[in-house]
Amino acid sequence: MSTHTELRAHVAAVLPQIIAFRHDLHAHPELSGSEENTARKVAEALTAAGIPHETKIGGMNGIVATVQGGKGTGKTIALRGDMDALPITEENNVPYKSQNPGVMHACGHDGHTANLLGTALVLNALKDSFAGTVKFFFQPAEETVSGASTMVAAGCMEGVDAVLMLHGWPDFAAGQLGLRVGPAMASSDSWRLTIQGEGGHAAYPHKTVDPVFVSAQLVTALQSLVSRELSPTEPVVVTVAMLHAGTARNIIAEKAELAGTVRTLNKAIRDSMPERMERIIKGICDSFRATYAFTFSPGTPPVINDEGIVALVREVGEELFGTENLITLKEPTMGAEDFSFYLEHAPGAMIRLGTGCPYLLHTPKYDFGDAPLETGMLLMAETTRRFLQ
Ligand SMILES: [Zn+2]
Ligand SMILES: [Zn+2]
């Protein structure tokens with residue numbers, strides 16, 4: 001337990017700086033891909049602590065910092081925090097309220113970035129207590145799901161044996177952790193479809209090919225993938241989110257434009273969805289004499305948490321915070337996280353960190369708060385040291 005005393009002292013020592021750092025980020029949020037000032041502040045803090053780091057990873061605002069353990073070479077673990085904010089006008093009245101109109105940290109990435117910086121400072125101070133390497137991924141553009149894939153493409157996962165992240169979670173009280181083995185969040189892919197018909201007078205439908213009629217069949221038929229074709233025990237979402245056609249009440253449209261999303265927890269099902277969808281689209285368009293153009297754009301894979309890494313986090317969490325503060329999540333969610341791109345290259349886990357905020361993520365009153373920072377730093381730092389032992 002003596003190491004925990006030492007660890008707690010180091011976390012307590014950096015906490016005021018990290019709270020102030022989060023307030024500064026919260027007051028000056030930056031949208032996905034525009035995190036220049038956020039990244040500059042992170043880099044300045046790393047420089048001040050003497051922690052080596054690379055900036056502008058993959059041409060974006062990502063930073064990879066490295067702390068080398070003093071006990072020699074060993075395994076490598078990566079810790080990830082995202083830095084971007086959302087196009088939402090903040091409705092909180094806090095001293096650190098957003099000063100950038102229409103932009104706010106409504107997903108709590110201010111907390112994630114501050115937590116990761118604090119963990120870097122603590123592990124840098126404790127580096128003589130472990131072997132191996134810790135990498136810190138300060139990631140841009142999570143909300144637009146281009147940050148993680150860019151960092152991975154730039155090679156940041158080379159030689160990494162495990163990867164870990166925390167996401168602030170308003171459902172749990174501050175200080176509580178939500179753990180789940182296996183699928184934690186869904187894949188998120190998008191698709192677009194143009195149904196080409198033949199327009200004409202609304203009074204003479206027999207002289208047209210009506211793309212609105214074809215769209216109506218399709219919207220219904222696509223749901224048969226979920227209800228009649230895939231196992232009821234496998235969660236899959238097929239959503240037609242956009243459907244645009246027509247210009248006037250007495251004209252049959254030339255074409256209809258549809259778009260939507262597909263979510264699933266199962267990689268094999270995910271890979272099969274473009275073929276399944278196109279088979280139904282083609283069948284219906286052929287039946288009704290329409291033609292089509294279909295594009296399926298892969299987004300993020302599902303987040304699948306590794307059993308061994310979650311067990312390690314649980315062991316450390318129980319020691320630090322007691323069993324009563326560890327919650328086992330019964331269900332995954334169908335939301336997405338681009339953290340899954342790192343998981344394609346090493347086992348890892350996304351851990352939910354309770355914020356106790358009464359408001360939902362992505363809403364104008366969400367606030368990560370200061371209370372979860374101590375928990376987050378303790379957990380990340382000690383899990384890292386334990387992994388590297
Ligand atoms: Zn978000
Ligand atoms: Zn988020």
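What is the handedness of the crossing where helix 2 passes helix 3? It is right-handed; a crossing is left-handed if the near helix is turned anticlockwise from the far one by less than a right angle, and right-handed if clockwise.

Before going on, the conventions. This is a predicted model, where local features need pLDDT of at least 70 and side-chain atom pairs count only at pLDDT 80 or more, while totals for chains, interfaces and linings use all residues. Residues are numbered from 1 along each chain as its sequence is written, chains are lettered from A and ligands numbered from 1 in the order in which they are written, and side-chain values use heavy atoms, with hydrogens and water left out. Helices (H or I, at least four residues) and strands (E, at least two) are DSSP runs, numbered from the N terminus.

Back to that first pair. Helix 2, residues 36-48, packs against helix 3 at an angle of about 10°, and their axes are 11 Å apart. Axes here are lines fitted to C-alpha atoms, for helices over the stretch in contact, and angles run from 0 to 180 degrees between N-to-C directions. Helix 2 and helix 3 are therefore roughly parallel (under 35 degrees; over 145 is roughly antiparallel, 65 to 115 roughly perpendicular, and the rest oblique). On the helix 2 side, Val42, Ala45 and Leu46 meet Thr113, Leu117, Ala120 and Leu121 of helix 3, contact meaning heavy atoms within 4.5 Å. By class that is six nonpolar, one polar and no charged residues. Ala, Val, Leu, Ile, Met, Phe, Trp, Tyr, Cys and Pro count as nonpolar, Asp, Glu, Lys and Arg as charged, and the others, Gly among them, as polar.

Helix 3 also packs on helix 9. Their axes come within 9 Å and cross at roughly 50°, so the two are oblique to each other. This crossing is right-handed as well. Residues of helix 3 in the contact include Gly111, Ala114 and Leu116, and those of helix 9 include Leu373, Met377 and Arg385. The contact has eight nonpolar, six polar and one charged residues.

Helix 9 (residues 371-388) has another partner, helix 7 (residues 307-321), at about 125° with axes 9 Å apart. That pair is therefore oblique, and its crossing is right-handed. Among the contact residues are Ile309 and Phe321 of helix 7, and Thr375 and Phe387 of helix 9. Here the classes are nine nonpolar, three polar and four charged residues.

Now the metals. Which residues coordinate the zinc ion (ligand 1)? Cys107 (SG), Glu143 (OE), Glu143 (OE) and His362 (NE2) do, at 2.0 to 2.7 Å. Donors are N, O and S atoms within 2.8 Å of the metal (3.2 Å for Na, K and Ca); water is not among the atoms, so sites may look incomplete. The four donor atoms subtend angles of 52 to 151°, so the arrangement is irregular. Four donors count as tetrahedral if all angles lie between 85 and 135 degrees; four count as square planar and six as octahedral if opposite donors are over 155 degrees apart and all others between 65 and 115; anything else is irregular.

The zinc ion (ligand 2) has Cys107 (SG), His109 (NE2) and His167 (NE2) as protein donors, at 2.1 to 2.4 Å. Histidine 109 is in helix 3 and histidine 167 in strand 5 (residues 162-169), 58 residues apart. Cysteine 107 bridges the two zinc ions, ligand 1 and ligand 2, which lie 3.2 Å apart.
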